[in-house]
Amino acid sequence: MTALPEVGPLLQQMADQLSRYLKERQIEDPAFVGIHTGGVWIAEALHQQVAPEAPMGTLDIAFYRDDFEQHGLPQRVRPSELPFTVDGRHLILVDDVLMTGRTIRAALNELFDYGRPASVTLVTLLDIEARQLPVRADILGASLALPPGQRVKLTGPSPLQLTLNAATN
Amino acid sequence: MSQTPHHLQLNHQGQLRHFLTIEGLSRELLTELLDTADSFLEVGERAVKKVPLLRGKTVCNVFFENSTRTRTTFELAAKRLSADVLNLNISTSSTSKGETLYDTLQNLEAMAADMFVVRHGDSGAAHFIAERVCPDVAVINAGDGNHAHPTQAMLDMLTIRRHRGDFEKLSVAIVGDILHSRVARSNMQALKTLGCPDIRVIAPRTLLPEGIDQYGVRVFNDLRVGLRDVDVVIMLRLQKERMQSGLLPSEGEFYKLYGLTRETLALAKPDALVMHPGPINRGVEIESEVADGPQSVILKQVTYGIAVRMAVMSMAMTGQTTQRQLTQEAN
C-alpha cells in the first residue's frame, strides 16, 4: 500500500517555495491559473497564501486534449475563465497531479490562444513519475512512484485529500 | 432499415451521433449540449477563437435550400473547431428526391467527409441521409422542410437560458407563421423537454398546423391576449414564399393583428426578451423599433448559434467515435 502525503503541509511548503521563486525572479504581478478541477483548488489555496491580490483564472482543457480521437469530449466541460490580459503576464499554472504531461501541453496550447504570456511557471502538488512528454514542475509538492494500475486523485475542495484508485483506462 | 429519428441519432451509450430532431432527446442531453455551448461561447471571446478539436476532420455543408445565416454560422463553427469545410449549394432539381439525394450522398462519401450538415426543402431529408450514410459519418440537420431545425431551437434555448435562466419558471410565446415553421416545431419540443410550464402559440387559425395540441402548448388566436405577461416572445418569419392563396388576407392585415410593435410588446412582462430566428421582415411581423430595441436579443442569437453548432458538431463526433470503438470491441 502506497502511503499518500497529507495535502495541508505540502501546500504550506509549496507556498513558501513559490514566494521565494517569485521573489528571486522579481515577478511582482503574477496571475494564477488553475486547471479544472483539482488544479483550481490548489491554485485557490496558493493564491490565498502567496498573492491574494493577484488575479486568478481557471482552465478546462477539454477542447485541447490530444485524445479526442479516442475518447471524444468528456460529458462535462466548464468554460475557461481568464479575467485578465494574458499578453506580457507572468502566469502561475497550477495542477494537482502531474502524470504524463499531456494535460500541461494542452493547457499551454490553450493559454497561448489567449495571448503571449511573459512566462509560465508550473506548480503541481504531486508528480507521479509517469512522464511521456518533457514537462517538469517548477514548484512541486512531492514525487511519488505508483504501482502499475493505480491512480491518485485529489478530492475536495474541503478538506483536500489524496486518494488511491484503480486506473479506469 | 427505417429507424425512428430519435433512435437513429443516438449511439448505444445514448450519446448524440447525428442531430436530426429534438424529438425523443432527454432533458439531460439537451442540458449537456447547452453547457458545452456555454464553454464554446467563451472560446469566441478569445484572441484566437479556435480550438483544435476537429483537426483533420472534413465537414461538408450540403445546402439544397438557400440560407446565408445558417450556412455561414455552421461554416464558422466548423472552422473554429479546426475542421476543413466544404460548402455545396445544390439547387433542388426536378429529379425525384430519393435519386437526387442518394447520388449526391455517394459523391460526398467519396470525398471522405466526416460530417454532413444538411439543409433541404423536404421534411425528412436529413433523416433519409443519416439512414444511408456510412458508419462513422455524422449528419446534422440544418433545417428540413417544415419538420425540424434542431440547432436553431438549441440556440434559442441557449439565448433564453443565458438571459432568463430557469426554464421551469418561464412563459414563452411563439408568434406567427407556425404552419410553415420548422423552428416552431423544434422550439416547442425543446421548451417542453426542458420543463417550460407555459408554452404559448399565437397565430391565425389558417397558419396553425393540424395536431398542434400534441405539443402540449396553449393556442391563442389573439396576440393581445396571448402576449399577456410572457417572459419571452419568439417571433417567426412570415414565409411568404411558402404561402398558398387563402391562408392570409394580406401582409398589412397580418401586421395589424400579429405584428410585434412597441404597443403589443408592452402587454408582455416589462423586460420580456424579443427573439427572432431571422431573417426578419421589418413591418411584416416585427416593427423596426422593436427589432432594434433594448429588449431584442436577435443579434445575440446569431453569436450563440455559432457556439451551439460547435457543441453539436463536437458531441456528434464524440458519439461517432464511441460507437466505432464499441463496434470494434464487439468484433
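Two residues count as being in contact here if their C-beta atoms, placed from the backbone, lie within 7 Å. Keep that in mind for the views below, which come from a predicted model.

**View 1. Helix α12 of chain B lies across strands of the sheet.**

**View 2. The open sheet of chain B has 4 strands.** Read across it and the order goes β2-β1-β3-β4, with parallel pairing. At the edges sit β2 (84–89) and β4 (138–144) of chain B, each pairing on one side only. Direction aside, neighbouring strands are turned by 15 degrees against each other on average.

**View 3. Strands β3 and β4 of chain B run parallel, joined by 5 bridges.** Strand β3 covers residues 115–120. To get your bearings, find B:F116: its bridge partner in β4(B) is B:V139.

**View 4. Helices α2 and α6 of chain B pack with their axes 10 Å apart.** The helices span residues 27–43 (α2) and 150–164 (α6), and they meet at an angle of about 70 degrees. Angles of 65 to 115 degrees count as roughly perpendicular, so that's what α2(B) is to α6(B). On the α2(B) side you'll find B:L33, B:L34 and B:A37, which meet B:M154, B:M157, B:L158 and B:R161 of α6(B). That contact splits into 6 nonpolar residues, no polar ones and 1 charged.

**View 5. Residues 14–138 of chain A carry a UniProt domain annotation.** The unreviewed entry calls this stretch "domain: Phosphoribosyltransferase". Over these residues the chain is 31% helix and 22% strand, and the end C-alpha atoms are 10 Å apart.

Methods:
Residues are numbered from 1 along each chain as its sequence is written. Chains are lettered from A and ligands numbered from 1 in the order in which they are written. This is a predicted model: local features need pLDDT of at least 70, side-chain atom pairs count only at pLDDT 80 or more; totals for chains, interfaces and linings use all residues. UniProt positions are given in the numbering used here, feature names are shortened, and annotations may be inferred rather than shown by experiment. Helices (H or I, at least four residues) and strands (E, at least two) are DSSP runs, numbered from the N terminus. Two strands pair if DSSP finds at least two bridges between them. Axes are lines fitted to C-alpha atoms, for helices over the stretch in contact, and angles run from 0 to 180 degrees between N-to-C directions. Angles under 35 degrees count as roughly parallel, over 145 as roughly antiparallel, 65 to 115 as roughly perpendicular and the rest as oblique. Ala, Val, Leu, Ile, Met, Phe, Trp, Tyr, Cys and Pro count as nonpolar, Asp, Glu, Lys and Arg as charged, and the others, Gly among them, as polar.
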